[in-house]
Amino acid sequence: ARQVVQFKPELLVLVDQAESPLHDIEREIKLSNATTRVVSFLADITEKDRVDYAFNEFRPHMVYHAAAYKHVPMMESNPSEAVNCNILGTKLLADTAVKYGVSKFVMISTDKAVNPTNVMGCSKRIAEIYVQSLNNHLQAGDLGSTAFVTTRFGNVLGSNGSVIPLFKKQIREGGPVTVTHPEISRFFMTIPEACQLVLEAGTMGKGGEIFVFDMGQSVKILDLARKMIRLSGFEPDRDIKIVFMGIREGEKLFEELLNTAENTLPTHHPKIMIGRVRESSYNEINNYIELFNDLVFDKNELKMVALMKELVPEYKSNYSRYEILDK
């Protein structure tokens, strides 16, 4: 939102279900900008009538869809919420965007959607499949003008739930700093860089692409913890202890940005590539989503996760009670 407002759009609608952060960003943007009309719209993306009201009222040209549950262990414990928000919420938003003639719909995905080992990553992969197949269905039948673009990248430094704020808090309190495993590593990007690449990929996309960002080298979380302790004026393991907690449910040691069966095509931007992914038919994915709809209300979690694995065969659970479904 901070970056979009610099391009002076006529209207910027901020949609969130978290009241306080929404209030904070609205105040900040209104203070820093005199030309764009800014509206806060409190809503949950799974509420059909509320979503429809927003699109009908504001008639947006562009939609940036970043709404999702993203904590891996939390979604492993609450798979119906991952399905409801990340899959069914995405379908509702995408379908409503088509209904109201949105020009461009940019979906924020994650590297955890590649060879997923957890419910969260698989739910995002299914959301990717849906918007890509919807885009192709619209283009093939000349059924609408909305172009759907997906962006896929790793962890964002300092974002909600990132390890950086956690480590800072732990260091401030005198330790210990908690790391899950000595070998665990992740790809990182700063908030401004991630947002800039999302805006650029969204602009260059013609529809149907999954853009993959060059995240550089993956970083060992242990090295990050040691560096942060030193930057705070302490010595790791002497002044501030580092404690290993063990891999959490659904986690991987190493993230990947592309499926082994995928490759990428370059774009004119050195940090943005187009991922070549396995595509699904619109009718097939729609049938699956109807089944998810039934299972969310049924609350049969094993059945729900089994269906996710059927739709995304590369989804193999890790450190999870759902490993039983892979046998």
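Guide: What covers the buried residues of α6 includes β6 (155-157), β7 (177-179) and α8 (221-231). The model is a predicted one.

Visitor: Which residues of α6 are called buried?
Guide: In α6, which spans residues 163-172, they are Ile164, Phe167, Gln170 and Ile171. The label requires under 20% relative accessible area, so these four residues fall below that cut-off.

Visitor: Why are the buried residues of α6 said to line one face of the helix?
Guide: Viewed down the axis of α6, they fall within an arc of 130°, so they line one face.

Visitor: What makes Ser162 a cap of α6?
Guide: A side-chain oxygen of Ser162 lies 3.2 Å from the backbone nitrogen of Ile164, at the N-terminal end of α6.

Visitor: Which residue just after α6 has a positive phi?
Guide: Gly174, with a phi of about 90°.

Visitor: Now the second largest pocket: which residues lie nearest its centre?
Guide: Lys48, Leu88, Lys91, Leu92 and Asn293, out of 15 lining residues. Two or more lining residues come from each of α2 (48-58), α4 (79-99) and α9 (282-298). The volume of this pocket is about 330 Å³.

Visitor: Which element gives the most to that lining?
Guide: α4, with eight residues.

Conventions: Residues numbered from 1 in each chain as written. Predicted model: local features only at pLDDT ≥ 70, side-chain atom pairs only at ≥ 80, totals over all residues. Heavy atoms only, no water. Buried < 20%, exposed > 50% of the residue type's maximum accessible area, 1.4 Å probe, protein only. Arc of directions from axis to C-beta. Contact = heavy atoms within 4.5 Å. Polar contact = N/O pair within 3.5 Å; in protein donor to acceptor, adjacent residues only side chain to side chain. 1 Å grid on protein atoms, 1.4 Å probe; cavity = no way out; pocket = protein on both sides within 12 Å on 5 of 7 lines; lining within 4 Å. Points joined across faces, edges and corners; volume = space filled by probe spheres on them.
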